[in-house]
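Student: I am new to this structure and would be grateful for a close look at a single part of it, the place where the two chains meet.

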Protein chains: 2
Amino acid sequence: VKQVILRSHPNGVPRATDFSVVEAAMPSPADGQVLLKTLWLSLDPMIRLSLDENVITGPTKVRIGDVVFGATVSRVEASRHPDFAVGDYVDGRTGWREYAAIDPKAVPLRKVDASVAPLSTAVGALGMPGQTAHACMIGVGRVAAGETVVISAAAGAVGSLAGQIGKILGARVVGIAGNDAKCAALVKLGFDAAVNYKSPDYAEKLKVACPNGVDCYIENVGGTVTEAVLPLFKYRARMPVCGFIAYYGVGREGPGPDKLPGFMRAVMSKGLEIRGFGGTMVAGPAALKDLAEWVKAGKLKVTETIVEGLDAAPAAFAATFADNDHIGKVMVRVAKDA
Amino acid sequence: VKQVILRSHPNGVPRATDFSVVEAAMPSPADGQVLLKTLWLSLDPMIRLSLDENVITGPTKVRIGDVVFGATVSRVEASRHPDFAVGDYVDGRTGWREYAAIDPKAVPLRKVDASVAPLSTAVGALGMPGQTAHACMIGVGRVAAGETVVISAAAGAVGSLAGQIGKILGARVVGIAGNDAKCAALVKLGFDAAVNYKSPDYAEKLKVACPNGVDCYIENVGGTVTEAVLPLFKYRARMPVCGFIAYYGVGREGPGPDKLPGFMRAVMSKGLEIRGFGGTMVAGPAALKDLAEWVKAGKLKVTETIVEGLDAAPAAFAATFADNDHIGKVMVRVAKDA
């Protein structure tokens, strides 16, 4: 059976050649373990944080030769654990592999109800990205009807959901993405406007898209994308921080100049509220209930970019850090559910 | 009568020679104006922000030849305004001068009750610095008994009050200051510990002073002072931003490396809450009531560094940006109240 291991720690942006797809023996569950067949693998940008030689913050460190860290949806093929039965669907961080023998005490598993929504949504709209989007817009961002919310990495898993939640809340929603095709897709998804941060007049276009200023900015990126938002902030604007993809692989210090003085100036002069999301801060069951209802009612469209087979995972993951045509959650269909 | 004008825009740290003390004619109040005799002038570090050639954020720009911006306590000497009578005390941003003719519509004036506390506290413990300290610790910082709060520029006007409020709230209070004499003064004022950020093992000493980590950090400084706090933050810690003296005169960008990536990493991985203070965010009358009661009860000691006469203002202001022995609010006694 196949699994993907780390071949080299990425130097800056990850490349497909930092990974190897290798054959391993079919695992056999010990007492207290379950044997899982991976159906879906989620390619979250956050995985990048675990691949550094010296992991600073983020999920568990992946060493050379280790199976790569990642969230999956799996089916139980064999169980030596009383809480799980053959045929159950579960999600958990079981890694980039076709089969895994997992002790749920070491790697928490959550049962997934396949009747609610497509299985892949367990690591998307009805999983961590959905909860993150919900927290950004509601718990932390406190977005109100009539406000303007700007979302970076808006075509991503969190961003595409956050924008739709913004529309449900009655806000003006402006997305930022990396090419015109993504911007068009966002408008189709209901965003009021979308701006390509690679266009030469990006800052000016963003300003035009936010004629009343910015009440809330969902931070997924950092760097120059965020710099253009700072002058548009209204007093007491909020900035939930879900990610900072521009700095993944940068460590604690980037090349100069130092941008922290300008950031702190904006924080103080505009009375900004910046809130990060630690592991324990994600919205809970109430948020999942909202999300499930919105998906069922068709108010929240699940957008996914699907690649087929574990072999395709390294290139698809590398592509998430380059110019790409991904819209929504990037998923690997590791196996069909049959 | 004397006034202090700006002679040159400071290049980085302000120097006494950036200012000139000049003679002007005694002003004469027009209809609707009051003639004020300045008793106290407050030397707030924030004034620095108004002195740049290209003011980015902060209070009103001061041009070459303008009277320098600053908060004062004054006595009404003559009044052509129905709300003010000769002998009233007022505070307002009337500038670095012995006498001023002020239109209260242009420069808001607040009456000061001289029976509550010494007049100088109107621009200190019972004015903006007190309200800022109150908001830092209570409204924004939400400091609770048993928590650890770290305060930068702890010997300053806001810091020395914030630390005492922290003790009133039952928190462990750790101050950061720029020399050992200030640290000793802070401990005498009731701080549990104080650390000199110029000592070579500053970061290690700060860690030792915060054995349970940091729940709240009052930001007045920025730069390396703040960098040492980031690894000590507990999950969901708060960081009220009252100032960033290390960046005053720096503009939006400092010399590299770029420290913003490490800051955003801390924000996200620790779920931090960063809140700036815009002009409208300062605590209101309820806070002033708390402060007045604490001062009256002796729970909040008013610490001031007083220099005599307007001639001394330029050097005293420059000294607030250099190594100095200032403790608490730095005040110029422009005239005795007689």
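Tutor: What follows is an account of the interface between chain A and chain B.

This is a predicted model, in which local features need pLDDT of at least 70 and side-chain atom pairs count only at pLDDT 80 or more, while totals for chains, interfaces and linings use all residues. Residues are numbered from 1 along each chain as its sequence is written, chains are lettered from A in the order in which they are written, and side-chain values use heavy atoms, with hydrogens and water left out.

Chain A gives 41 residues to the contact and chain B gives 42 residues, contact meaning heavy atoms within 4.5 Å. Together the chains bury about 4000 Å², of which 62% lies on carbon and sulfur atoms; buried area is the accessible area (1.4 Å probe) that two parts lose on being put together, summed over both.

Two salt bridges cross the interface, each defined as a side-chain nitrogen of Lys or Arg within 4 Å of a carboxyl oxygen of Asp or Glu. B:Lys259 forms a salt bridge with A:Glu253, their closest N and O atoms being 2.6 Å apart.

On the side of chain A that touches chain B, the elements giving two or more residues are strand E12 (233-241), helix H6 (260-269) and strand E13 (273-276); helices (H or I, at least four residues) and strands (E, at least two) are DSSP runs, numbered from the N terminus. H6(A) supplies the largest share, nine residues.

E13(A) also pairs with strand E13 (residues 273-276) of chain B, antiparallel and over three bridges, where pairing requires that DSSP finds at least two bridges between two strands. Within this pairing, A:Glu273 has B:Arg275 as its bridge partner.
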